[in-house]
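Thanks, everyone. I'll keep this short and take the structure piece by piece.

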Amino acid sequence: MTEPYQLTAWEAAQALQNRSLSSSELISSVLRRIGEVEPKVHAFQVVIADKAKEMAKEIDDRRARGDSLHPWAGVPIAVKDNFCLKDAPCTCSSRILENFNPPYHATVVQKMLDAGLIPIGKTNLDEFAMGSSTENSAFGMTRNPWDLDRVPGGSSGGSAASIIADETVLSIGSDTGGSIRQPAAFCSITGMKPTYGRVSRYGLVAFASSLDQIGPMTKDVRDAAGLLQIIAGHDPHDSTSIAQPVPDYLTELTGDVRGLKIGIPKEYSIEGMNPEIEKNWREAALFYEGQGAECVEISLPHTEYAIAVYYMIGTAEASSNLARYDGVVYGRRAEGPFENIVDMYRKSRSEGFGSEVKRRIMLGTYVLSAGYFDAYYRRAQRVRTLIKNDFEAAFKTVDVVLCPATPSPPFKAGEKTDDPLEMYLSDVFTAPLNLAGLPGIVIPGGFSSEGLPIGIQLIGPALSESRLFNVAHRFQMETDIHKRRPTL
Amino acid sequence: MSITADEVRHIALLSRLELSDDEVELYTGHLAEVLKYVEKLKELDVDDVEPTSHAIPMFNVMREDEVMPSLPQEDALENAPDRADPYFRVPKTTE
């Protein structure tokens with residue numbers, strides 16, 4: 001028998017609307033599942049059980065009264081712990097924010113609540129979203145539900161793990177260099193980073209402001225389209241949000257790929273790529289050709305510079321954004337006495353930040369400092385232009401780009417923690433999109449011979465989310481890879 | 001270009017961080033490795049390329065100059081590590 005926690009959001013919505021399921025039953029089922037598997041997975045920083053039950057009852061009462069509700073009202077959602085949700089902790093997996101309770105809702109959180117979605121908990125992440133494994137959390141790592149010895153990816157590893165472990169129906173994450181898409185690939189879920197500016201960042205704790213974007217992490221493409229529908233749109237509180245109207249993603253979800261031109265970037269066949277990833281990518285291309293699309297080789301010549309550019313720009317912006325944690329207005333302050341205020345700043349920050357965050361703050365401070373600014377930061381910004389131009393040229397001849405999500409399947413916990421550069425390189429296929437501001441979706445593409453998930457990524461021009469959903473949906477219409485679940 | 005332990009100590013001060021000697025040694029190695037990796041950006045001739053600071057071009061986003069609701073004072077003070085209402089309290093900032 002299907003347990004309610006196994007449902008997708010659109011399946012749950014149908015059951016809620018025809019009254020074969022109540023939101024209270026759905027929430028209880030999900031909470032029971034969390035109780036069973038959370039000790040193994042540790043996807044959550046905090047579970048919001050009582051409030052969720054209360055909200056579910058309210059939605060059930062309103063539905064019984066015949067109130068006009070969003071079709072998804074009453075469906076639970078797991079929220080990455082770097083989004084401000086009033087009256088709940090927002091730790092960003094950092095000691096420095098251990099006791100911080102935001103006094104306001106992020107815009108996306110407000111939009112979720114307006115649609116009647118029920119926050120079921122805050123999910124684990126690498127501290128301040130800096131990492132690719134969720135091992136850099138001050139409160140313990142999350143484990144990959146497919147193999148508990150392996151990482152779930154990161155930084156949105158808790159959100160990805162909560163979806164594949166069926167500890168929630170929907171989830172949401174943020175993506176600065178791959179933080180939605182890489183864990184989506186590692187856990188075998190669907191994850192989209194929309195166009196920069198499509199979703200308001202107001203209330204998302206800032207990491208690198210010109211790269212950060214919020215997106216859905218879900219059990220299938222239909223859920224991702226429906227969730228983006230809820231959270232997208234212009235916001236006067238975020239001056240970088242895009243003013244264009246949000247299309248009706250669900251109505252436009254036909255799965256039609258006939259006549260579509262798909263680009264296969266030759267530079268993504270990198271040295272050292274796992275051969276099973278390469279094979280899965282080729283098979284995905286053949287799949288789309290079988291569905292009436294045409295695959296052509298393209299060139300994105302500056303791909304090999306993307307990680308270097310990303311780590312210059314990302315750390316520079318992070319060093320500036322994280323300057324706000326000074327132990328004055330909110331967050332941790334070290335125990336005094338202090339010699340002076342700088343001493344207070346230094347002690348508070350040194351106690352509060354973990355080692356990867358310190359490393360990135362220092363790297364960012366270095367590349368922005370007098371004498372190095374032009375050589376590192378300004379040069380990286382110029383190469384960023386070349387990477388953006390590569391994509392613009394490609395999209396003159398193709399509709400979407402198809403490539404792997406990651407160069408390897410999920411790696412073992414501890415395998416890369418002593419080698420920061422090696423860890424950074426796991427973003428090689430995802431970071432270029434953040435630099436160019438483009439949307440990308442990752443869907444489950446298959447499994448390695450060891451049974452580990454492999455993701456495929458589709459990239460489109462700015463604001464082509466509808467097209468990406470369609471192409472990804474076709475794959476899920478014809479295959480059942482996204483329906484497989486690990487045994488926990 | 002390599003980086004010395006003294007430079008790392010200076011960067012730590014600019015970053016408002018305090019590092020132990022072990023941390024200085026660790027980060028000197030890590031930063032040197034990353035900086036060596038990014039040297040590859042010097043292979044490209046970018047003198048005539050405009051820098052991109054934002055992928056989606058937007059300039060001077062303005063709104064009407066109207067008074068809007070803002071965070072109430074009590075809410076803003078709620079998370080303060082130390083307060084002397086209605087202010088945040090900090091150590092003496094002048095000598």
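Start with A:Arg258. It is exposed, because its relative accessible area is 64% and the cut-off for exposed is over 50%. Keep in mind that this is a predicted model. Everything I quote is computed from it.

What does the side chain of A:Arg258 meet? It meets the side chain of A:Asp256 in a salt bridge, 3.1 Å from N to O. A:Asp256 itself counts as partly exposed, at 38% relative accessibility.

Two more pairs of this kind. First, A:Asp480 and A:Arg484 form a salt bridge, with the closest N and O atoms 3.6 Å apart. A:Asp480 is partly exposed, at a relative accessible area of 42%. A:Arg484 is partly exposed too, at 39%.

Next, chain B. Here B:Glu39 forms a salt bridge with B:Lys42, and the closest N and O atoms are 3.5 Å apart. B:Glu39 has a relative accessible area of 25%, so it is partly exposed. B:Lys42 is partly exposed as well, with 37%.

Some salt bridges share partners, and these join A:Arg95, A:Glu98, A:Arg332 and A:Glu351 into one network. How many salt bridges are there over all chains? By this rule the count comes to 33.

Now the domains. Chain A is divided into domain 1, residues 4-259 plus 399-483, and domain 2, residues 304-381. Note that domain 1 is written as two segments. How far apart are the centres of domain 1 and domain 2 of chain A? Taken over C-alpha atoms, 27 Å separate them.

On to the interface between these domains. On one side, 28 residues of domain 1 of chain A are in contact; on the other, 26 residues of domain 2 of chain A. As a general point, the size of an interface is often given as the accessible area lost when the parts come together. For domain 1 and domain 2 of chain A, about 2300 Å² is buried between them. Of that area, 67% is on carbon and sulfur atoms.

Which residues of domain 1 of chain A lose the most area to domain 2 of chain A? They are A:Ile96, A:Met130 and A:Tyr424. Together these three account for 31% of what that side buries.

Across the interface of domain 1 and domain 2 of chain A, the rule finds 1 salt bridge.

Which helices supply the domain 1 side? Both α13 (420-424) and α14 (431-436) of chain A supply at least two residues each to the side that touches domain 2 of chain A. α14(A) gives the most to that side, with 3 residues.

Now helix α9 of chain A, residues 306-321. Why do 16 residues fit a span of 22 Å? At 1.5 Å a residue, the 16 residues of α9 should span 22 Å, and the end C-alpha atoms are 22 Å apart, so the two agree. Is α9(A) mostly covered or mostly open? Mostly covered: 15 of its 16 residues are buried.

Last, the backbone. In general, most residues other than glycine have a negative phi, and most peptide bonds are trans. Here are some exceptions.

Take cis bonds. The peptide bond from A:Gly154 to A:Ser155 is cis, with omega near 10°. A:Ser155 sits in the loop between β3 (118-123) and α5 (157-164) of chain A. The bond from A:Gly336 to A:Pro337 is also cis, with omega near 0°. A:Pro337 is in the loop between α9 and α10 (341-352) of chain A.

Then positive phi. A:Asp87 is not a glycine, yet its phi is positive, about 65°. A:Asp87 lies in the loop between β2 (76-80) and α4 (107-114) of chain A. It is exposed, with a relative accessible area of 66%.

A:Ala129 has a positive phi too, near 70°. Its place is in the loop between β3 and α5 of chain A. Is A:Ala129 buried or exposed? At 5% relative accessibility, A:Ala129 counts as buried.

Note on methods
Residues are numbered from 1 along each chain as its sequence is written. Chains are lettered from A and ligands numbered from 1 in the order in which they are written. This is a predicted model: local features need pLDDT of at least 70, side-chain atom pairs count only at pLDDT 80 or more; totals for chains, interfaces and linings use all residues. Side-chain values use heavy atoms; hydrogens and water are left out. Helices (H or I, at least four residues) and strands (E, at least two) are DSSP runs, numbered from the N terminus. The expected span of a helix is 1.5 Å times one less than its number of residues. Buried means under 20% relative accessible area, exposed over 50%, partly exposed in between (1.4 Å probe, protein chains only). Domain bounds come from an automatic or database domain assignment. Contact means heavy atoms within 4.5 Å. Buried area is the accessible area (1.4 Å probe) that two parts lose on being put together, summed over both. A salt bridge is a side-chain nitrogen of Lys or Arg within 4 Å of a carboxyl oxygen of Asp or Glu.
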